[in-house]
Amino acid sequence: MGFKCGIVGLPNVGKSTLFNALTKTAAAQAANYPFCTIEPNTGEVAVPDPRLQTIAKIGKSANIVPTRISFVDIAGLVRGASKGEGLGNQFLANIREVDAIIHVLRCFEDDDITHVEGRIDPVSDAETVETELMLSDLESLERRIVQFRKRASSKDKEALTVLPVMEQALALLQDGQPVRFMLNGISAADLAILQDLNLLTSKPVLYVCNVAEEDAATGNEYTEAVEEMATGQGAETVTISAAIEAEVAQLPEPEAKEYLEAMNLDEPGLDRLIRAGYRLLHLITYFTVGPKEARAWTVERGSKAPQAAGVIHTDFERGFIRAQTIAYQDYVALGGEVPAKEAGKARDEGKEYVVQDGDIMLFRFNT
Ligand SMILES: Nc1ncnc2c1ncn2[C@@H]1O[C@H](COP(=O)(O)OP(=O)(O)OP(=O)(O)O)[C@@H](O)[C@H]1O
């Protein structure tokens, strides 16, 4: 399916270090040099989900197959990017292709690592990046809206439905606010229109505070400032030390655990980040369980059973008849498929069933 989170931020804030850790590869070079990430690098990562181990144990599955999402390491942005400064245009084009934004903010001090603006101030950095995105959206929307206004005045049906959404987005941008602020409570129809406009600031955002090793468990004054800003926007924040994560990612399991314990961390920050990215993309997981494998599958929140079946195979969607569905809690509490069936907890769901996070599903279909 390919749901993508783009890793965005000023140069030298730790984007590539984080991306490397995420994908456990050296594919994206980390170096103390602005613009070292020139081509966008995309990596797929497994979504950590402890429920998968639990159901695999109950279902006596030989293999565990997690679901995956993609991260894209995007070149650093500088002030003026919307006017083509730095790698401006390329940066903006790359953001256009992702579904959500992981905005990395430098919350660590290190005199050896250049800060493009010469001082550590993550809130101001966030504003710099956001301003460039808003300027780019403003320019593209102002250009496009002229046509729509003309068409709407001659009662063009499409223009009449699209224009109010455009006007609302434009008003926000002119007021110095990102378009995502209109997502709260938006109707499904307007959301579809907004998504078609593909504005940079309409994408959901998650802030990552990249801190020094010693602040990984506790955060610091910078992360507090970022949290306050994020809370005001209704956005999530994840505090992580990209430098530690890059090291942990290289270690074998037992050593990684010891290292994390020594740092007072109960799990890799990356696991928290991946799960937060998954939520940001409005994704949920359903499971299939059998002797061969226990497997997690990704669907968008609100998907119906046939769409979920289609993630496994298009034939499953085309020939969908029904889905035997067991809630995760029931599957675990009752001890598997057979006892769940005996207890009447295996429901037969039809085409209109909206899949719930954690459902254990078995599809019946005609080919
Ligand atoms: N939490 C951290 N603590 C200390 N140093 C860090 C931390 N995270 C990253 N660094 C260091 O900061 C430098 C810049 O990191 P990196 O190359 O990942 O930045 P970037 O945002 O990808 O930059 P660019 O946009 O220029 O590619 C590297 O030397 C990296 O090791």
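Reply: Domain bounds here come from an automatic or database domain assignment. For this chain, that assignment gives domain 1 (4-280) and domain 2 (302-365). Keep in mind that the model is predicted.

Me: What makes you say that domain 1 and domain 2 touch?

Reply: Two residues are in contact if their C-beta atoms, placed from the backbone, lie within 7 Å. Five residues of domain 1 meet that condition with seven residues of domain 2. By class, the domain 1 side of this contact has two nonpolar, two polar and one charged residues. The domain centres, taken over C-alpha atoms, are separated by 33 Å.

Me: Why is Gly 14 called buried?

Reply: The cut-off is 20 or more other C-beta atoms within 10 Å. Gly 14 has 27 C-beta neighbours inside 10 Å, so Gly 14 counts as buried. You'll find Gly 14 in the loop between β1 and α1 (15-23). Leaving aside neighbours within four places in sequence, Gly 14 contacts Val 104, Arg 106, Asn 210 and Ala 242.

Me: And what about Ser 16, buried or exposed?

Reply: Ser 16 sits in helix α1. With 25 C-beta neighbours inside 10 Å, against a cut-off of 20, Ser 16 is buried.

Me: Where does the "binding site" label come from?

Reply: From UniProt, in an unreviewed entry, which places that feature at Asn 12, Val 13, Gly 14, Lys 15, Ser 16 and Thr 17. Such annotations may be inferred rather than shown by experiment.

Me: Why does Gly 59 count as buried?

Reply: Gly 59 has 20 other C-beta atoms within 10 Å, and the definition says 20 or more, so Gly 59 is buried. This residue lies in the loop between α2 (50-58) and β3.

Me: Which residues does Gly 59 touch?

Reply: Not counting residues up to four places away in sequence, Gly 59 touches Val 289, Gly 290, Ala 294 and Gly 336.

Me: What about β3 and β9?

Reply: Strand β3 (residues 63-65) and strand β9 (residues 293-300) share three bridges in the parallel sense, so this pair passes the two-bridge rule as well. Val 65 stands opposite Arg 295 in β9.

Me: What makes β2 and β7 edge strands?

Reply: The open sheet of six strands runs in the order β2-β4-β1-β5-β6-β7, with mixed pairing. β2 (41-46) and β7 (236-240) each pair on one side only, and that makes them the edges. Ignoring direction, neighbouring strands of this sheet are turned by 25° against each other on average. As for β7, strand β6 (residues 205-210) pairs with it in the parallel sense over five bridges, and Cys 209 stands opposite Thr 239 in β7.

Me: Which helix packs on that sheet?

Reply: Helix α10 (residues 269-280) does, touching β1 (4-8), β2, β4 (68-73), β5 (100-106), β6 and β7. The direction of α10 makes about 160° with that of β7.

Notes. Residues numbered from 1 in each chain as written. Predicted model: local features only at pLDDT ≥ 70, side-chain atom pairs only at ≥ 80, totals over all residues. Helix = DSSP H or I, 4+ residues; strand = E, 2+ residues; numbered from the N terminus. Nonpolar A, V, L, I, M, F, W, Y, C, P; charged D, E, K, R; others polar. Axes fitted to C-alpha atoms, helices over the stretch in contact; angles between N-to-C directions. Buried ≥ 20, exposed ≤ 12 C-beta atoms within 10 Å, placed from the backbone.
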